[in-house]
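Visitor: I am new to reading structures, and I would like to learn how to look at one feature at a time. Could you guide me through this one?

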Amino acid sequence: MGEAGGWYDADIQRVIVSEEQIREKVDELARKVAADYSHVDSVMLVCVLKGAIMFMADFARALGREGCRIEMDFMAVSSYGQRATSSGVVRILKDLDRDIAGRHVVVVEDIIDSGLTLSWLLKYLESRTAASVEVVALLRKPDAIKVQVPVKYVGFDIPTEFVVGYGLDFAERYRELPYIGILNPGVYARA
Ligand code: PRP
């Protein structure tokens with residue numbers, strides 16, 4: 001069940017990361033990143049739409065509070081066909097607006113599942129000659145990993161279950177939940 005009495009609470013089997021845990025973790029990650037990048041003029045945050053929007057918005061503000069200067073850019077990508085295939089081929093729906101050559105890039109991801117999206121994205125960003133590329137991911141499903149990707153900053157390792165909320169969707173719904181919860185299997189049976 002949920003915490004705040006939202007419309008969605010009946011659809012959530014269990015909250016696995018609460019609002020408070022998210023807030024504390026976002027601040028903790030921001031402190032680490034701000035310390036690691038204290039020598040650079042500004043950090044280029046690259047948000048991967050759409051799932052990472054909530055994390056991006058909170059993380060960017062937490063970095064600001066830590067005195068870290070940032071710029072924001074956004075990419076939208078989509079996997080070709082079956083996302084479970086090993087090809088990991090990704091199509092760019094929206095590319096970066098600005099050149100990242102020579103910039104210190106931090107990719108902001110909501111979740112690493114198979115790792116295929118991120119593996120492709122890291123190669124892509126490196127080919128655009130960024131000075132450095134690191135990843136901050138709020139969630140990771142260690143048991144679902146198909147390709148190892150170097151992720152320097154991870155919020156929570158979670159079980160391989162269908163999670164929604166704080167940006168993560170099921171059929172475009174539940175992104176607005178303030179917490180991360182496991183979706184009731186009855187919901188996808190109805191879909
Ligand atoms: C999710 C998430 C990651 C990707 C991770 O995006 O935001 O980008 O899947 O999965 P992977 O590790 O197996 O590649 P999704 O394609 O669901 O799009 P959305 O963010 O727009 O919901």
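Guide: The word buried stands for under 20% relative accessible area, exposed for over 50%, and partly exposed for what lies in between, with a 1.4 Å probe and protein chains only. Please keep in mind that this is a predicted model, in which local features need pLDDT of at least 70 and side-chain atom pairs count only at pLDDT 80 or more, while totals for chains, interfaces and linings use all residues. Residues are numbered from 1 along each chain as its sequence is written, and side-chain values use heavy atoms, with hydrogens and water left out.

Visitor: With which residue does K25 form a salt bridge?

Guide: In general, side chains of opposite charge can pair when their charged atoms come close. A salt bridge is counted when a side-chain nitrogen of Lys or Arg is within 4 Å of a carboxyl oxygen of Asp or Glu. Here the partner of K25 is E28, and their closest N and O atoms are 3.6 Å apart. Both residues belong to helix α1 (residues 19-36), where they are 3 residues apart, about one turn of the helix; helices (H or I, at least four residues) and strands (E, at least two) are DSSP runs, numbered from the N terminus. E28, for its part, is partly exposed, at a relative accessible area of 29%.

Visitor: How many salt bridges are there by this rule?

Guide: The count comes to 16 salt bridges. One of them joins the side chains of D36 and K152, at 4.0 Å from N to O. This pair links distant parts of the chain, since D36 is in helix α1 and K152 is in the loop between β6 (132-140) and β7 (153-157), 116 residues apart. D36 is partly exposed at 35% relative accessible area, and K152 is also partly exposed, at 47%.

Visitor: Which residue forms a salt bridge with K94?

Guide: K94 pairs with D97, and the closest N and O atoms are 3.1 Å apart. K94 counts as partly exposed at 26% relative accessibility, whereas D97, at 60%, counts as exposed. Elsewhere, salt bridges that share partners join K50, D169, E172 and R175 into one network.

Visitor: How should I read the surroundings of the ligand, and how many residues are there around it?

Guide: The general idea is to list each residue that has a heavy atom within 4 Å of the molecule. In this case 15 residues surround the ligand, and the closest are G51, D110, S114, G115 and T117. The largest share of this shell, 4 residues, comes from β5, and β5 (104-112) and α3 (116-127) each supply at least two residues.

Visitor: What lies 2.6 Å from an oxygen atom of the ligand?

Guide: That is an N or O atom in the side chain of S114. A polar backbone atom of G115 is 2.7 Å from a ligand oxygen, and a polar backbone atom of D113 is 2.8 Å from one.

Visitor: Finally, how many disulfides does a search of the whole structure find?

Guide: The search finds 0 disulfides, a disulfide being a pair of cysteine sulfur atoms within 2.5 Å. The sulfur of C47 is 16 Å from the closest cysteine sulfur, in C68, and is therefore too far for a bond. C47 counts as buried at 0% relative accessibility, and C68 is buried as well, at 11%.

Technical notes: Polar contact = N/O pair within 3.5 Å; in protein donor to acceptor, adjacent residues only side chain to side chain.
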